[in-house]
Amino acid sequence: MAATTQRESVRAPKSSEQLKRPGFVERIYNGEGGLQIVPNRKKWFGVLIALVVLCLAAILIRGFSLGIDFEGGTRLSMPPTNGADETSVSEVFEEATGVQPQTTQIVGSGEARQVEVTSERLSEEQIRDVRTALFDRFQPTDSSGEVTEAAVNDSTVSESWGSSITQRMLIALVVFLLAVFLYITIRLERDMAIAAIICLVIDLIVVAGIYALVGFEVSPATVIGLLTILSFSLYDTVVVFDKVNENTTGLFQSTRSTYAEEVNLAVNQTIMRSLNTTIFSVVPIISLLVIAVGLMGVGTLKDLALVQFLGVIVGTFSSIFFAAPLLVVFKNRSKKFKEHEQRVMLAREGQLGTSSSTVTAPDNEENAESALVGVENKEETTKRQVASPNARVTSNDEDAGRSWRPGM
């Protein structure tokens with residue numbers, strides 16, 4: 001009777017709380033998502049190659065829409081009074097100079113609103129003619145409310161200033177990449193430094209390709225923002241690599257997992273931190289874009305926020321999907337890592353063979369005792385089973401297998 005009761009208690013169904021498994025978001029938060037990013041690296045590399053080819057084609061075929069600060073030219077601005085808007089001002093400008101304006105836009109907000117026109121470099125005579133034509137047509141007023149031709153402002157920018165900005169940007173970029181390479185090499189290792197630099201270059205190509213494809217104007221603020229996003233992308237990549245370095249300590253003294261599996265585990269353990277960083281970075285940038293475009297008009301603030309927005313998104317994807325898989329590719333070229341992976345595979349095959357063995361029924365007490373010892377040895381061996389670190393934990397313990405959480 002007691003035995004029957006015991007069997008019924010063993011067979012009793014588990015409660016809904018015991019059967020409840022953590023959801024996808026919770027698993028991602030706890031670093032247990034089990035996303036197969038590194039094992040599927042060939043797919044991600046295919047996406048990467050296609051994206052880079054598309055961006056390079058856009059850069060080479062369409063080119064960039066360079067602002068006046070890079071190409072040189074003339075800029076005129078005036079208050080939008082008496083019906084002055086982009087279309088009407090552009091028509092008057094073209095009639096007075098015979099030159100089609102490159103851009104005509106409203107900048108600023110409130111009393112500081114201005115209609116701004118940019119074009120190729122005009123002569124002094126052309127500037128006088130267009131200022132007179134704009135004044136006669138729209139009768140603009142200055143800050144004191146007086147109708148005067150002085151309300152039409154003009155400025156000329158030399159293309160040499162733009163080339164000086166470009167040259168300094170390239171020097172700053174080279175110095176930055178060199179400093180990054182040296183830091184990661186000293187702090188972590190050389191292969192990680194190479195992978196990080198390649199990802200930074202990819203980020204530059206993709207952001208530049210988007211600018212060329214869509215036709216966003218490139219200004220000095222764009223250049224400043226571009227250098228800023230490199231540091232963000234680098235931070236995300238170093239976080240992943242630091243976790244990889246921690247997970248792979250003592251890797252060759254064990255046959256528990258391969259280097260690729262430990263890297264994939266590190267990506268899963270840091271992905272929530274990367275996403276959190278991205279979200280908290282994008283929100284203020286979006287707010288900046290809304291203020292720049294909706295309240296203050298397009299201008300320097302918009303250029304700075306736009307390139308940062310694109311860079312943060314691109315940098316997050318490259319650090320998660322490309323940096324770690326690229327590191328695995330570099331490591332797998334080494335004989336040392338190849339041999340370790342073979343040892344891990346052999347250890348797993350040997351364990352599978354042991355697990356599949358069966359125990360025959362004993363004919364006598366001696367055989368029964370031998371069989372009992374065999375079962376105990378089998379159970380002990382099963383406890384020492386070699387398993388992938390990315391295998392899902394099925395223990396009822398809520399905290400089982402949680403080796404890392406954001407903030408730890």
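Analyst: E262 is buried, at 7% relative accessible area, where buried means under 20%, exposed over 50% and partly exposed in between (1.4 Å probe, protein chains only). The model is predicted, so local features need pLDDT of at least 70 and side-chain atom pairs count only at pLDDT 80 or more, while totals for chains, interfaces and linings use all residues. Residues are numbered from 1 along each chain as its sequence is written, and side-chain values use heavy atoms, with hydrogens and water left out.

E262 pairs with R256 in a salt bridge, with 3.6 Å between the closest N and O atoms; the term requires a side-chain nitrogen of Lys or Arg within 4 Å of a carboxyl oxygen of Asp or Glu. R256 is partly exposed, at 42% relative accessibility.

E261 forms a salt bridge with R348 at 2.7 Å, N to O. Because E261 is in helix α11 (residues 259-295) and R348 in helix α13 (residues 335-355), this pair ties together parts 87 residues apart in sequence. Helices (H or I, at least four residues) and strands (E, at least two) are DSSP runs numbered from the N terminus. E261 is buried at 14%, and R348 is buried at 17%.

R75 and E116 also meet in a salt bridge, at 3.7 Å from N to O. R75 belongs to strand β2 (residues 73-78) and E116 to strand β4 (residues 114-119), 41 residues apart. R75 is partly exposed at 22% relative accessibility, whereas E116 is buried at 16%.

Elsewhere, salt bridges link E189, D191 and K331 in a network. The whole structure holds 9 salt bridges.
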